[in-house]
Number of protein chains: 2
Amino acid sequence: MSLSELLSPVSHVVTAGVAAFADDLGAQGVPVTRVDWRPPPAGTEADLADVALDARRDEANAVAVRRMLAAGAELVDVRPAREMLGLEPGQFLHAGPPIAWERASGPMRGALIGAALFEGLADSPERAESWLGKHDHSGGTGPDLAPCHSRGGVGPMAGVVSPSMWLFEVRDPGSGRTAWCSLNEGLGKVLRYGAFGPEVITRLRWMADVLGPMLQRAVRRAGPVDVKAIIAQMLHMGDEGHNRNRAGTLMLLRELLPALIEGGGDGDGEDPKALADAVRFVSGNDHFFLNLVMPACKLAAGAAAGVPGSTVVTVMARNGTDFGIQTAGTGDRWFTAPAHTPEGLFLAGYGPEDANPDIGDSAITETAGVGGFAMAAAPAIARLVGGTAAGAVATTGLMYEIALAENPAFTVPALDFRGTPTGIDVTRVVRTGVLPQINTGMAGRVAGTGQVGAGLVTPPAECFTQALAALAELARADEANEAN
Amino acid sequence: MSLSELLSPVSHVVTAGVAAFADDLGAQGVPVTRVDWRPPPAGTEADLADVALDARRDEANAVAVRRMLAAGAELVDVRPAREMLGLEPGQFLHAGPPIAWERASGPMRGALIGAALFEGLADSPERAESWLGKHDHSGGTGPDLAPCHSRGGVGPMAGVVSPSMWLFEVRDPGSGRTAWCSLNEGLGKVLRYGAFGPEVITRLRWMADVLGPMLQRAVRRAGPVDVKAIIAQMLHMGDEGHNRNRAGTLMLLRELLPALIEGGGDGDGEDPKALADAVRFVSGNDHFFLNLVMPACKLAAGAAAGVPGSTVVTVMARNGTDFGIQTAGTGDRWFTAPAHTPEGLFLAGYGPEDANPDIGDSAITETAGVGGFAMAAAPAIARLVGGTAAGAVATTGLMYEIALAENPAFTVPALDFRGTPTGIDVTRVVRTGVLPQINTGMAGRVAGTGQVGAGLVTPPAECFTQALAALAELARADEANEAN
């Protein structure tokens with residue numbers, strides 16, 4: 001399939017503002033998506049024009065998208081962060097764009113508190129909080145916080161990674177590039193949702209002492225596991241790869257099981273009791289595979305990075321306070337704005353007032369064309385995030401309007417195997433006002449709460465207008481250079 | 001949910017014959033299914049009227065459907081047929097209505113040959129064929145053939161069961177009734193598709209010697225596995241339970257894994273090598289769970305049996321030569337007619353001329369409202385059997401026209417969790433001319449070939465007109481009794 005075939009033409013009619021036209025089309029049976037029309041935000045017209053006229057843009061976007069679609073993803077190892085990233089005591093990685101303790105939300109603070117307890121940097125939540133917040137840990141330095149993305153990885157929700165946590169290592173076999181993600185803890189009271197109670201720390205210890213090493217033995221014995229192939233299959237099995245990962249988790253287990261059973265080098269097998277516990281943990285956690293979808297998507301989106309003139313989004317990430325994006329043409333510069341709060345369905349006992357603003361690196365799934373962009377593949381998601389089956393199909397339909405390509409590897413049976421909309425174009429987002437649709441979990445806004453629900457959210461439009469402004473400035477600079 | 005809510009109203013417009021009406025509706029955006037219109041077959045008008053006027057019918061159908069929907073299904077044991085059914089050497093069970101060797105199709109003969117070899121009743125295919133066909137086995141009696149359904153079980157494709165084969169035992173916890181099915185061998189050259197080469201017999205031996213006993217230990221250790229709950233889940237994961245059982249197989253494995261790993265009574269675990277082999281076999285066979293969907297559906301459909309006056313279909317089954325049905329109001333009497341040949345997609349090297357007529361007890365899935373009736377849940381099935389995603393949705397939509405209820409336990413996300421059409425009404429089939437849609441595998445017509453493809457098929461209409469005639473006769477007899 002050639003790139004020109006991948007770059008999708010407008011495939012159904014999007015109307016903006018002119019209701020009579022939409023009504024006419026609807027009466028004729030043409031599928032119509034009504035978009036809340038808004039003119040490009042004030043001040044963006046010149047930027048839109050300059051970027052549209054950037055001579056590099058078409059080819060740059062074609063290159064970026066081609067790289068994004070070509071990236072593979074194989075699980076090649078499972079290792080502690082200490083070893084894989086050289087992370088040292090007191091260093092923490094977190095989701096989203098950079099943030100300091102002072103501006104961190106409840107769940108981000110909760111996760112950092114839990115990580116400090118897990119690492120033995122404090123012996124109570126209060127002391128952990130004091131150390132994290134005031135940098136007055138006796139005899140030590142304060143915490144060192146950096147985004148997961150700055151180290152080539154991703155973390156769901158708070159995304160907090162400390163040296164003793166184990167990570168999946170995923171590699172693109174074509175380029176040799178790698179990305180990583182933490183191991184999924186399950187749902188409810190878990191660190192990534194900001195909980196830090198004793199059960200959270202005990203589970204993290206077991207994951208570091210038992211689960212991680214066991215997965216390491218299995219992966220090393222089994223050899224690379226094709227994560228991209230599992231993602232392709234899960235989209236045929238009702239998962240969208242962000243808020244539904246049920247089939248993906250089972251397929252990962254299927255791939256690893258023989259090696260898990262055969263165990264380490266001697267083939268004598270794991271201890272049956274420990275193995276049964278591990279299998280219960282993994283197979284009882286429908287989101288276990290999310291933590292492999294995410295680094296696979298990081299490899300894909302990251303493949304598009306560093307292409308001057310390209311307006312393709314390469315990162316969308318949230319730290320619970322700010323939403324940040326990066327683009328192919330602007331390197332690792334973040335364009336941030338206050339994160340929206342998701343809307344959706346709540347666990348018993350919680351309501352909208354309990355929800356923290358959007359948090360997590362998991363929007364990398366949408367950045368690479370799955371998750372909310374593949375909702376049409378997962379009509380059952382409506383039970384989790386609200387809405388209807390038709391709404392899920394319409395959402396994917398709408399995302400084609402802001403995407404540059406359709407992914408031939410990730411297809412949607414209900415759309416007769418049309419590829420998922422892939423490669424978000426900043427200019428399309430600003431011009432149409434259509435914002436990327438993200439499926440997400442919702443963390444409690446109070447540190448220590450855990451998950452309160454799941455729902456839908458969009459990035460703030462300002463991320464895209466800022467990115468557009470930066471791209472326009474670079475376009476003007478490039479034109480000036482060419483003219484000299 | 002009350003029964004009256006379950007009994008579905010007409011939910012979209014079915015037009016028959018009057019094209020202009022359908023065209024008008026289509027222009028107005030009303031979903032329209034065009035049915036090839038045919039008047040009730042000659043001679044059925046009086047039967048339709050007599051059955052429609054049967055005073056028992058509404059209540060009888062309500063009872064039959066209520067029982068069908070209420071039936072549960074738990075995997076409770078795995079045992080050899082010798083032990084579970086008291087099957088003796090020389091006795092064989094087979095799919096579909098009764099048939100003798102003389103009228104048996106190629107795949108049925110091939111499976112019987114293989115079973116005779118597997119049981120050691122002959123030492124070559126030629127001798128097995130001679131013994132099966134001529135009843136001249138020196139010093140012995142000839143083969144004893146009976147339908148699986150006559151012994152309360154089901155077998156896919158040829159459905160041949162011999163004493164040494166292991167069976168799943170499934171129980172309805174409410175009534176205590178049980179049903180059974182053989183273990184699935186995988187795809188390609190397998191006994192149930194009529195293959196009988198050395199690899200087929202070797203695999204059957206391993207299944208009897210290793211897999212069956214291992215599954216028995218796991219099931220006995222794990223306790224009952226809720227098969228109905230897995231079916232409900234798989235319909236949310238792209239499976240329809242007949243030709244797609246991928247998610248179901250993985251979920252079954254998930255349920256059994258801890259017990260499989262912990263092994264027998266001492267908890268010391270299975271031999272890692274043997275266990276890894278078994279897990280590879282099960283998880284590498286996307287149809288393994290079909291053999292649990294089938295007895296679960298047998299329990300549901302069988303729950304409706306034996307209700308005088310009910311026109312609900314309780315069995316649809318094919319032996320490769322004849323298609324046979326049974327109804328709730330007519331006991332275990334078969335209504336048979338020559339089986340159609342499926343149309344669909346073929347494995348490389350095969351074409352329509354290689355396909356045997358419809359074969360197998362697997363149409364019990366459609367009888368209980370999944371399989372072809374749940375195609376809307378499995379748009380990816382189009383890749384296997386042909387057609388489009390919209391066609392899959394339309395098929396399920398059409399089946400509501402001949403079904404008496406919607407199953408609240410088996411829901412279709414793409415239809416906003418509408419229950420699958422359940423409880424085929426003989427009178428609706430005859431009156432509308434809409435035949436049940438069956439998804440199926442296709443066996444090669446020559447004994448020994450194996451699978452040649454997968455596709456779609458319907459029962460012959462004559463099964464339903466015969467059943468209607470018998471129901472009408474019983475209605476008239478009942479009325480005469482009442483009058484006396």
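Strand β3 of chain A, residues 74–80, pairs with β9(A) in the antiparallel sense, and two bridges hold the pairing. To find the place in this predicted model, look for L75(A), which stands opposite V225(A) in β9(A). Now widen the view to the sheet around this pair. It is an open sheet of five strands in chain A, with the order β6-β8-β7-β3-β9 and mixed pairing. β9, residues 225–226, is one of its edge strands, and β6, residues 153–154, is the other; each pairs on one side only.

Helix α12 of chain A, residues 290–303, lies across β3, β6, β7 and β8 (178–182). Relative to β8(A), α12 runs at about 150°.

R57(A) and D425(A) form a salt bridge, with their closest N and O atoms 3.1 Å apart. R57(A) sits in helix α4 (residues 57–70), while D425(A) belongs to the loop between β16 (418–424) and α16 (426–432) of chain A. The two residues are 368 residues apart, and the pair links distant parts of the chain. Over all chains, the count comes to 48 salt bridges.

How is chain B related to chain A by rotation and shift? A rotation of 180°, with 0.0 Å of shift along its axis, superposes chain B on chain A at an RMSD of 0.0 Å. That is the relation of a two-fold axis. If you want to locate the axis from chain B, go to M237(B): its C-alpha is the nearest to the axis in that chain, at 2.2 Å.

The interface can be read with this relation in mind. Chain B gives 35 residues to the contact and chain A gives 35 residues. Of the interface residues of chain B, 100% are also interface residues in chain A, so the copies meet through the same surface. Between them the chains bury about 3,000 Å², with 66% of it on carbon and sulfur atoms. There are polar features here as well: twelve residue pairs are in polar contact, both residues being at pLDDT 80 or more. Four salt bridges are found across the interface. In one salt bridge, D286(B) joins R254(A), and the closest N and O atoms are 3.4 Å apart. On the side of chain B that touches chain A, α10 (246–262) and α11 (272–283) each supply at least two residues. Helix α10(B) gives the most, with ten residues.

To finish, stay in chain B and turn to another sheet. This open sheet has four strands in the order β12-β11-β10-β14, with antiparallel pairing. Its edge strands are β12 (335–338) and β14 (359–360), each pairing on one side only. Strand β10 of chain B, residues 313–319, runs antiparallel to β14(B), and two bridges join them. Within this pairing, I359(B) in β14(B) is the bridge partner of N319(B). Helix α17 of chain B, residues 461–483, lies across β10, β11 (322–327) and β12, and runs at about 155° to β12(B).

Notes. Residues are numbered from 1 along each chain as its sequence is written. Chains are lettered from A and ligands numbered from 1 in the order in which they are written. This is a predicted model: local features need pLDDT of at least 70, side-chain atom pairs count only at pLDDT 80 or more; totals for chains, interfaces and linings use all residues. Side-chain values use heavy atoms; hydrogens and water are left out. Two strands pair if DSSP finds at least two bridges between them. Contact means heavy atoms within 4.5 Å. Axes are lines fitted to C-alpha atoms, for helices over the stretch in contact, and angles run from 0 to 180 degrees between N-to-C directions. Copies are superposed by least squares on the C-alpha atoms of residues with pLDDT of at least 70 in both. Buried area is the accessible area (1.4 Å probe) that two parts lose on being put together, summed over both. A salt bridge is a side-chain nitrogen of Lys or Arg within 4 Å of a carboxyl oxygen of Asp or Glu. A polar contact is a pair of N or O atoms within 3.5 Å; within protein, one must be able to donate a hydrogen and the other to accept it, and residues adjacent in sequence count only if both atoms are side-chain atoms.
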